[in-house]
Amino acid sequence: MAKITAVIDIGSNSARMVIYEKTSRFAFHLLHEVKSRVRLPENAYKNGGNLQSEAMQRTYDALENFLSIASSFKARKILCVATSALRDAPNKQEFISRVRTGLKLNIKVIDGEKEALYGAIACSNLLPKADALTIDIGGGSTEFSYIINGKVENTLSLALGTVRLKELYFDKNDIEGARAYINQELDKLSDIQISNLIGIGGTFRALSRAIMKDLKYPLNKLHSFEFSAKTMSSFIDKIMNANERKLKSLNIRPDRFDVIKPGSLIISELLKRKSDIDNLITSGVGVREGVYLSDLLRGQKDSGFPANFNPSVRYLLDSYIIDKNHSNHLAKLSKSIFDLTYESYDIDEKYKKALVIGAKLSPIGASLHNYSSNQHSYYLIQTALEYGFTHQEIILIATLTKYAKRKAPATAHITEYKNILPDERVAEFLSFIISLSSALLAHRPRDLKYEIGFSGNCLHVSSKENLYLVKDAVKNLEFPQGIRVEFK
Ligand code: LMR
Ligand code: MG
């Protein structure tokens with residue numbers, strides 16, 4: 001697969017392009033993202049689905065600009081898909097041909113099943129593992145799928161979309177008509193008991209963003225944001241009754257004003273019918289990432305990443321670790337200190353995963369600048385550790401690297417993230433392990449030659465190496481209560 005790839009999704013409300021850079025076999029990151037609210041099927045639904053010339057021209061212009069951006073990034077491969085707007089249009093060939101001739105771009109119109117599948121592939125690979133129902137609310141259609149044990153099942157596409165509902169019902173103020181129509185479509189959804197709902201698409205993201213602001217949520221990250229179905233339902237009640245001024249004060253952006261109610265109504269009708277759903281998860285990824293991953297993971301078992309592989313961790317290691325040996329030693333040492341001590345200090349074993357990743361990634365900030373390197377690691381991890389982790393894991397890993405130096409995490413920091421961080425004692429203990437490992441590697445050995453034992457609250461460290469700098473570094477650490485280090 002090309003090193004730089006652009007993926008364009010011509011949705012029915014907005015057209016979007018992402019540009020990904022691959023940093024190794026399965027690792028990638030987002031280089032650029034652009035969207036334009038072209039609303040290709042504007043006025044089409046009342047006209048037998050036929051695309052109107054103004055909307056086609058807008059979309060053509062946006063695509064022309066997208067292509068110039070893609071070429072500025074030297075994208076070697078451009079994948080372009082279109083969903084319901086073109087799928088449903090009797091005159092789609094006119095637009096497709098114009099784009100092919102004028103822009104040399106091939107638009108692939110995907111069917112509803114495929115659209116649902118792409119969204120689900122993105123979620124099953126790039127969100128923390130969970131059995132879930134996915135919903136992708138688009139401008140023209142809404143896709144569903146079930147992810148059960150990592151496998152995508154029961155994909156379904158319904159003719160429910162925000163622009164469609166707006167033009168057919170909301171513009172005539174027929175909310176009850178919209179409600180009846182939504183329910184008639186939702187009858188087709190198979191009823192599998194499930195507690196998680198993953199939301200994909202512009203509407204779900206806009207609502208999630210607004211809810212995060214409403215809750216004063218401390219982490220600025222949409223992907224993987226979790227909240228309760230109750231929170232969503234009561235927020236939607238406010239949206240449904242809001243005028244434009246109120247929508248603005250609810251943190252809905254002006255370009256969403258006319259489609260946020262139709263989109264919200266789809267969600268609230270779904271939640272009413274499926275009372276088993278109590279947890280909602282926001283996805284920042286969707287059809288575009290599904291298209292990209294299908295290409296990237298071609299030939300992989302179940303179209304998934306290899307076991308224990310995480311694309312964001314690998315991207316950070318590929319791009320920011322200067323001394324791979326050192327990073328591996330930090331991870332190994334941290335793991336063995338954890339294994340020796342966690343039971344005595346009553347630390348849940350589940351924290352080992354975050355600890356080991358935190359240790360491995362802790363030196364990344366140094367590649368930006370040596371001074372304040374822990375601060376750089378913290379920031380990089382908080383923003384770029386994007387895929388496959390819960391917010392709890394992301395902020396914990398970031399916090400561990402921030403304080404992987406001499407001092408324990410600041411109480412102010414723990415307080416700021418208190419609902420998503422473990423308690424202070426745990427954060428302190430884990431960050432101490434990485435700080436200690438880092439001190440024990442102050443001399444940057446080529447091979448790890450430590451023998452470490454643990455008894456009576458004391459870590460006994462022995463090595464035949466010259467530990468002059470190491471002993472100094474360990475002496476300067478801030479130790480948690482009741483733990484000591486002795487050199488033999
Ligand atoms: C789509 O139709 O998939 C997107 O345009 C959805 C949106 O709300 O932007
Ligand atoms: Mg879409």
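Helix 13 and helix 14 cross in a right-handed manner. Their axes come within 7 Å and cross at roughly 150°. An angle over 145° counts as roughly antiparallel, so helix 13 is roughly antiparallel to helix 14. The model is predicted.

**Helix 13 and helix 14**
- Helix 13 covers residues 324–341, and helix 14 covers residues 352–361.
- On the helix 13 side, the contact is made by Ser327, Asn328, Leu330, Ala331, Ser334, Lys335, Phe338 and Asp339.
- These residues meet Lys352, Leu355, Val356, Ala359 and Lys360 in helix 14.
- The residues of this contact between helix 13 and helix 14 divide into six nonpolar, three polar and four charged.

**Helix 15 and helix 16**
- Helix 15 (residues 373–384) packs with helix 16 (residues 391–402) at an angle of about 170°, and the axes are 8 Å apart.
- Because of that angle, helix 15 is roughly antiparallel to helix 16.
- Helix 15 contributes Asn374, Gln375, Ser377, Tyr378, Ile381 and Gln382 to the contact.
- From helix 16 come Ile394, Ile395, Ile397, Ala398, Thr399, Thr401 and Lys402.
- Six nonpolar, six polar and one charged residue make up the contact of helix 15 with helix 16.

**Helix 6 and helix 10**
- The axes of helix 6 (residues 175–186) and helix 10 (residues 257–273) come within 10 Å, crossing at roughly 55°.
- That angle makes helix 6 oblique to helix 10.
- The crossing of helix 6 and helix 10 is right-handed.
- By type, the residues of the contact of helix 6 with helix 10 are seven nonpolar, one polar and four charged.

**Ligand 1**
- The residues around ligand 1 include Gly11, Ser12, Asn13, Ser14 and Arg16.
- Also around ligand 1 are Ile137, Gly138, Gly139, Gly202, Thr203 and Arg256.
- Ser14 has a polar side-chain atom 2.7 Å from an oxygen atom of ligand 1.
- For Arg256, a polar side-chain atom lies 2.8 Å from an oxygen atom of ligand 1.
- An N or O atom in the side chain of Arg16 is 3.4 Å from an oxygen atom of ligand 1.

Technical notes. Residues are numbered from 1 along each chain as its sequence is written. Chains are lettered from A and ligands numbered from 1 in the order in which they are written. This is a predicted model: local features need pLDDT of at least 70, side-chain atom pairs count only at pLDDT 80 or more; totals for chains, interfaces and linings use all residues. Side-chain values use heavy atoms; hydrogens and water are left out. Axes are lines fitted to C-alpha atoms, for helices over the stretch in contact, and angles run from 0 to 180 degrees between N-to-C directions. Helices (H or I, at least four residues) and strands (E, at least two) are DSSP runs, numbered from the N terminus. Angles under 35 degrees count as roughly parallel, over 145 as roughly antiparallel, 65 to 115 as roughly perpendicular and the rest as oblique. A crossing is left-handed if the near helix is turned anticlockwise from the far one by less than a right angle, and right-handed if clockwise. Contact means heavy atoms within 4.5 Å. Ala, Val, Leu, Ile, Met, Phe, Trp, Tyr, Cys and Pro count as nonpolar, Asp, Glu, Lys and Arg as charged, and the others, Gly among them, as polar. A residue is near a molecule or strand if one of its heavy atoms lies within 4 Å of it. A polar contact is a pair of N or O atoms within 3.5 Å; within protein, one must be able to donate a hydrogen and the other to accept it, and residues adjacent in sequence count only if both atoms are side-chain atoms.
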